[in-house]
Amino acid sequence: MTNTSFTSKQIAITITLANGAFANGANQLVLAGLRTSVVIDKDGSPSKNTAKIKIYGMLEADMNKLTTVAFRALAVKKNFVQVQAGDENGMSVAYQGEIAGAFANYKSPPNLDFQLECVEGYYPAIAPVAPKSFKGPVAVSTIMASLASQ
């Protein structure tokens, strides 16, 4: 009996820049057909969904465009990533989120990889918000309405 359920699997990574352009002149880069490793963690609340992505064979100019500096952790670039997985019968979105960190790994040439550390909802979680205070007793509905209007 032959097993006909085997198909060649595919991963496509789409990266969208908030500012600037890649070497192709666009603000979006689709990486498909490259050796790629993706680890997705969906632990549930209160943790945010995360992904660790390794991509081999990227252009150096694109890696430089995405690289973040570790000692400026809150100087985020607001870049977005989407991971699609599937086969020749179709692809589905497996993960999407913001890039929290990115760097080129030059430790084992010629097998250089680019690593992305992604967190879903990262930018809204670190965005500064003006403080709110209320004098005296205040109804919860008033406080919630004030917060919702921001």
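What follows is a conversation about reading the features of a predicted model.

Biologist: Let's begin with the overall make-up. How many helices and strands does the protein chain have?

Modeller: Remember that this is a predicted model. The protein chain has three helices and seven strands. Going along the sequence, they come in the pattern β-β-β-β-α-β-β-β-α-α.

Biologist: And in what order do the seven strands sit in the sheet?

Modeller: Sequence order and sheet order are separate things to read. Here the sheet is open, with the order 2-1-5-6-7-4-3 and antiparallel pairing. Strand 2 and strand 3 are the edge strands, each pairing on one side only. On average, neighbouring strands of this sheet are turned by 25° against each other, direction ignored.

Biologist: Let me zoom in on strand 4. How many bridges join strand 4 to strand 3, and how many join strand 4 to strand 7?

Modeller: Six bridges link strand 4 (residues 50–56) with strand 3 (residues 36–41), and the two run antiparallel. On the strand 7 side (residues 113–119) there are seven bridges, and that pair is antiparallel as well.

Biologist: Which residues of strand 4 are the bridge partners of Val38 and Val39?

Modeller: Val38 is partnered by Ile53, and Val39 by Lys52. You can follow the antiparallel run of strands 3 and 4 there. Towards strand 7, Thr50 stands opposite Val119.

Biologist: What should I keep in mind about side chains in a strand?

Modeller: In a regular strand, side chains alternate between the two faces of the sheet.

Biologist: Now the core. Which residues have the most contacts inside the largest nonpolar core?

Modeller: The general idea is that nonpolar side chains tend to be buried together in soluble globular proteins. In this model, the largest nonpolar core has 20 residues, and Ile15, Ile53, Val81 and Leu116 have the most contacts inside it. At least two residues each come from strand 1 (10–16), strand 2 (28–32), strand 4, helix 1 (60–66), strand 5 (80–87), strand 6 (90–105) and strand 7.

Biologist: Take Leu116. What is Leu116 in contact with, leaving aside its neighbours within four places in sequence?

Modeller: Its contacts include Ile15, Ile53 and Val81, along with Ala51, Lys52, Ile55, Ile99, Gly101 and Ala102.

Biologist: What share of contacts joins residues at least 24 apart in sequence?

Modeller: That share is 53%, counted among contacts between residues at least 6 apart.

Biologist: On to the loops. Where is Ala18, and is Ala18 buried, partly exposed or exposed?

Modeller: Ala18 lies in the loop between strand 1 and strand 2. Beyond neighbours within four places in sequence, Ala18 is in contact with Lys77, Lys78 and Asn79.

Biologist: Which residues does the cis peptide bond join?

Modeller: Omega is the angle to look at: the cis bond joins Pro109 and Pro110, with omega about 5°. Pro110 is in the loop between strand 6 and strand 7.

Methods:
Residues numbered from 1 in each chain as written. Predicted model: local features only at pLDDT ≥ 70, side-chain atom pairs only at ≥ 80, totals over all residues. Heavy atoms only, no water. Pairing = 2+ DSSP bridges. Helix = DSSP H or I, 4+ residues; strand = E, 2+ residues; numbered from the N terminus. Core = buried A, V, L, I, M, F, W, Y, C linked by side-chain atoms within 4.5 Å. Buried < 20%, exposed > 50% of the residue type's maximum accessible area, 1.4 Å probe, protein only. Contact = heavy atoms within 4.5 Å. Axes fitted to C-alpha atoms, helices over the stretch in contact; angles between N-to-C directions.
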